Amino acid sequence: RLTQCQNFHDFRRMARQRLPGPIFNYIDGAADDETTYRRNTDAFEACDLVPDVLRGVAQVDMSVTVMGQKLALPVYCSPTALQRLFHHDGERAVAAAAGKFGTMFGVSSLGTVSLEEARQISGGPQVYQFYFHKDRGLNREMMARAKTAGVQVMMLTVDSITGGNRERDKRTGFAIPFRLNLAGIAQFAAKPAWALNYVTHERFRLPQLDTHVDMGGGAMSISRYFTDMLDPAMNWDDVAAMVAEWGGQFCLKGIMSVEDARRAVDIGCTGIVLSNHGGRQLDGSRSAFDQLAEIVDAVGDRIDVMMDGGVQRGTHVLKALALGAKAVGLGRYYLFPLAAAGRPGVERALDLMRIEIERAMKLMGCQTVADLQRRHLRFR
Ligand code: HOC
């Protein structure tokens, strides 16, 4: 059945069939009316590709260098939380697949496999993504641990100072540990394949978060996690101190304005990820793709600019690269395959993406990623 999956939508459908409703909706859902979630993908349709021909493209080189790391592909697996809830192999599967395709794996501090294990499995360059907790000692601890583990890139998420309004999660009662209403319980009962796997591999225990946080004994919704644990007082001085303490590749995820991109340069960051957290935080926020050109023009010569959000096709990746992104992050694009089929699912999804990028580069007449230029795009 996996070989029947040709694209994002096929994997999404397969994940929906396998996952209990509350878990599927946690991955698939976004904030408020989910306008930003939809627009993230729609934004790529605002422009058309204008190909060159007869450019000798028997061989194409899809590699890029970003944040000091050489990647075989211009895409990487963005950090996402709680992966062993979606499939019992979770981060292990994604780390292994990313390593096999020669790209970066973003380990989330809210992952369900330890940073050290994920690092060992992937073998490739590794990003460690974390949040700024109220507990400053914990922030320092996470950086020290990442240093010991040999992490290459620190990524601080800055768009989640309070929880987004995820109405699907409220309806299903999605929280850690689960606090399901009757409808939610019925949805779990309707997916015995997931439940059986979970019982066999996890022995009824919820996967533990890699970062120990005291949840005060109660169930913790995503919104409550952000609101209770993270520090809304965080400011540019705090981040500047962290960047200096780390002393290596440091990037901010969730930058959307030119003003903030400039500040990131000023405090010594080496990269930024334009992102609206997959539409899961501020609904109505512009898409990263729409903001890309303006930000690349402002800071692209001083800092690596990456983007994520809504990427479902190789041609989406090419459009972002043509505007000046150094690499493009994938989120739900690999999460649905993970949920649907574990490591083979993620590998198939990455392989499809690799093939699509290679084919599109050939059809665009581009031998290397650097050959992709703004002149290859026309906005409608
Ligand atoms: C228990 C806390 O980035 C999301 C994730 C954050 C997960 C927090 C989990 O859902 O957008």
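Me: Helices (H or I, at least four residues) and strands (E, at least two) are DSSP runs, numbered from the N terminus. In which strand is Leu 71 found?

Reply: Welcome! This is a predicted model, where local features need pLDDT of at least 70 and side-chain atom pairs count only at pLDDT 80 or more, while totals for chains, interfaces and linings use all residues. Residues are numbered from 1 along each chain as its sequence is written, and side-chain values use heavy atoms, leaving out hydrogens and water. Leu 71 belongs to residues 69-71, the strand called β3.

Me: Is Leu 71 buried or exposed?

Reply: Contact means heavy atoms within 4.5 Å, and leaving aside neighbours within four places in sequence, Leu 71 is in contact with residues including Ser 63, Val 64, Met 104 and Pro 125. Buried means under 20% relative accessible area, exposed over 50%, and partly exposed in between, with a 1.4 Å probe and protein chains only. The relative accessible area of Leu 71 is 0%, so this residue is buried.

Me: How many of the 11 residues of helix α5 are buried?

Reply: Helix α5 spans residues 90-100, and its buried residues include Gly 90, Glu 91 and Val 94. Their cover includes β4 (75-77), α4 (83-86), β5 (105-108), α6 (115-122) and α16 (332-364). Helix α5 is largely enclosed by the rest of the structure because its buried residues number 8.

Me: Which residue with a positive phi follows α5?

Reply: Let's step just past the end of the helix. The phi there is positive, near 70°. The residue that follows α5 is Gly 102.

Me: How far apart are the C-alpha atoms of Ser 122 and Ala 96?

Reply: Ser 122 is in helix α6, and its relative accessible area of 7% makes it buried. Leaving aside neighbours within four places in sequence, Ser 122 is in contact with Ala 95 and Gly 99. Although 26 residues separate Ser 122 and Ala 96 along the chain, their C-alpha atoms are separated by 4.8 Å.

Me: Where does the ligand sit?

Reply: Here a cavity is found on a 1 Å grid over the protein atoms alone, as a set of points where a 1.4 Å probe fits but cannot get out. A molecule sits in a cavity if more than half of its atoms lie within 2 Å of its grid points. For this ligand, the place is the largest cavity.

Me: How much of the area that the ligand exposes alone does the protein bury?

Reply: Start with the N and O pairs within 3.5 Å, called polar contacts. A polar side-chain atom of Tyr 26 lies 2.5 Å from a ligand oxygen atom, Tyr 131 has such an atom 3.0 Å from a ligand oxygen atom, and an N or O atom in the side chain of Arg 280 is 3.0 Å from an oxygen atom of the ligand. Taken alone, the ligand exposes 350 Å², and the share buried by the protein is 95%.

Me: What is the positive phi of His 277?

Reply: Most residues other than glycine have a negative phi. His 277 lies in the loop between β9 (271-274) and α14 (288-299), and at 13% relative accessibility it counts as buried. His 277 is not a glycine, yet its phi is positive, about 60°.

Me: In which loop does Asp 32 lie?

Reply: Asp 32 also has a positive phi, about 45°, although it is not a glycine. With a relative accessible area of 33%, Asp 32 is partly exposed. Its loop is the one between α2 (21-28) and α3 (35-42).

Me: Is Ala 189 buried or exposed?

Reply: Ala 189 lies in helix α9 (residues 182-189). The relative accessible area of Ala 189 is 59%, so Ala 189 is exposed.

Definitions and conventions:
A polar contact is a pair of N or O atoms within 3.5 Å; within protein, one must be able to donate a hydrogen and the other to accept it, and residues adjacent in sequence count only if both atoms are side-chain atoms. Accessible areas come from the Shrake-Rupley method with a 1.4 Å probe; for residues, only the protein chains shown count as cover. On a 1 Å grid over the protein atoms alone, a cavity is a set of points where a 1.4 Å probe fits but cannot get out, and a pocket is an open set with protein on both sides within 12 Å along at least five of seven lines; lining residues have an atom within 4 Å of a point.
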